[in-house]
Amino acid sequence: MPYQLNEKLRGLTPYDPIEGEYRIRLDANESFLPLPPNVRAQLQERIACLPFERYPDPLCGELCRAFAGYYDIDPAYVTAGNGSDELISILTGSFLMKGQTVATLEPDFSMYRFYASAAEMKTVSIPKEENLQISVDKVIDACRAQRPDMLIFSNPCNPTGQGLAKEEVRRLITALEDVLVVVDEAYMDFWDQSLISEVIRYDNAVLLRTCSKAVGGAGMRLGFAVANQQITNALRAIKSPYNVNSMSQAAGACLLSHKQELQQAKETLIAARQELQAGLERLAGAYSQLCVYPSCTNFVLVALPHTKELFDYLKSNGIVVRYMGRYLRITAGNPEENSALLQQVENFLAHDATV
Ligand SMILES: *Cc1c(COP(=O)(O)O)cnc(C)c1O
């Protein structure tokens, strides 16, 4: 018998971010702000004198100290990853035994199930409410019934844009004491309900952060896990030793030490989302087929009857957003990008209403 890919691999296709050149990219929830010039200059200097012939620091000491400094926590409980995607892959794969069960909430970030399935874990999905919010009581009940070994969800959530208040997350972690609860706070810089300063007090919780969104370093591929000493030791032991390259370590350490610039960038991104949201809500007032969900992130989720048509229409006008079946997820762009997007959505809706 000639070699054949196993059935897990056979149907897979590479991750396909939108191909081609588009004027306006509002599909990946990145920051639209380039690095401030002083940060870029410092970073170039750092990278110019790195010892490229040597392996990088396996524990990312300087990087983790800079991250911990920015969030005012203890670096002893921080593990760096090659993007938080790598940490999600480790947690849903190597951190469990083969065949254990990972629970996800739906809708949520699709990579949780993807990595869990790739590692041959069982997955169960717990539906959210009609308005896309999370009912903690229902999640607790579902976990008691289905007995997963891990629960992973994003807070605030990609793609819904909505968040779960701190007390509710605490209640979930406490109630599910024999489940490892992974809280992915990729968008928490845009909101104020983080558990980052208290997560180490729990025996069963891991918190994830990333440089890819509010921090504006998606190209650096840097993610972080914060957890108690036992979990941190295990994560550091199971990850690949040189998972974060020297350039990213230096770049991240440099970027994260510029607290003031990062705070300012965050405010700009929040203002851009508020502007986009207000504009979309204005359109929803005029065109009843458009439904706009609340957001505490840097993107806005909308629903309408003809999402595919609107997606294609925007694309043909040089604007890409994220198409998600019943929904479109739109990243906040700069003022010009937001107003171009709103103008084209309005053109579409005005025409759509007449056909
Ligand atoms: C963007 C995003 C991440 C970040 O992934 P990186 O690998 O750090 O770029 C993680 N979780 C969610 C929910 C995201 O939307």
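Me: Which strands does helix α3 lie across, and what angle does the helix make with β2?
Reply: Helix α3 (residues 61-71) lies across β2, β7 and β8 and runs at about 115° to β2. Contact means heavy atoms within 4.5 Å. Angles run from 0 to 180 degrees between N-to-C directions, with axes fitted to C-alpha atoms, for helices over the stretch in contact. Helix α7 (residues 166-175) also packs on the sheet, touching β5 (150-154), β6 (180-184) and β7, and its direction makes about 170° with that of β5.

This is a predicted model, in which local features need pLDDT of at least 70 and side-chain atom pairs pLDDT 80 or more, while totals for chains, interfaces and linings use all residues. Residues are numbered from 1 along each chain as its sequence is written, and side-chain values use heavy atoms, without hydrogens and water.

Me: What makes β2 and β4 edge strands?
Reply: The open sheet has 7 strands in the order β2-β8-β7-β6-β5-β3-β4, with mixed pairing. β2 (78-82) and β4 (122-127) each have a single partner strand, so one side of each lacks a neighbour in the sheet. Strands are DSSP runs of E with at least two residues, helices runs of H or I with at least four, numbered from the N terminus.

Me: How do you know that β7 and β8 pair, and in which sense?
Reply: Two strands pair if DSSP finds at least two bridges between them. β7 (residues 205-210) and β8 (residues 222-227) have 5 bridges, in the antiparallel sense. V206 stands opposite A227 in β8. β5 and β6 also have 5 bridges, but in the parallel sense, with M150 and L180 as bridge partners.

Me: Why is helix α4 called largely enclosed?
Reply: Buried means under 20% relative accessible area, exposed over 50%, and partly exposed in between (1.4 Å probe, protein chains only). In helix α4 (residues 83-92), 8 of the 10 residues are buried, so the rest of the structure largely encloses the helix. Among the buried residues are L87, I88 and L91.

Me: What makes β5 a covered strand?
Reply: In β5, 5 of its 5 residues are buried. M150, I152 and S154 are buried on one side, and L151 and F153 on the other. In a regular strand, side chains alternate between the two faces of the sheet.

Me: Why does L12 count as partly exposed?
Reply: L12 has 47% relative accessibility, which puts L12 in the partly exposed class. L12 lies in the loop between α1 (7-10) and β1 (24-25).
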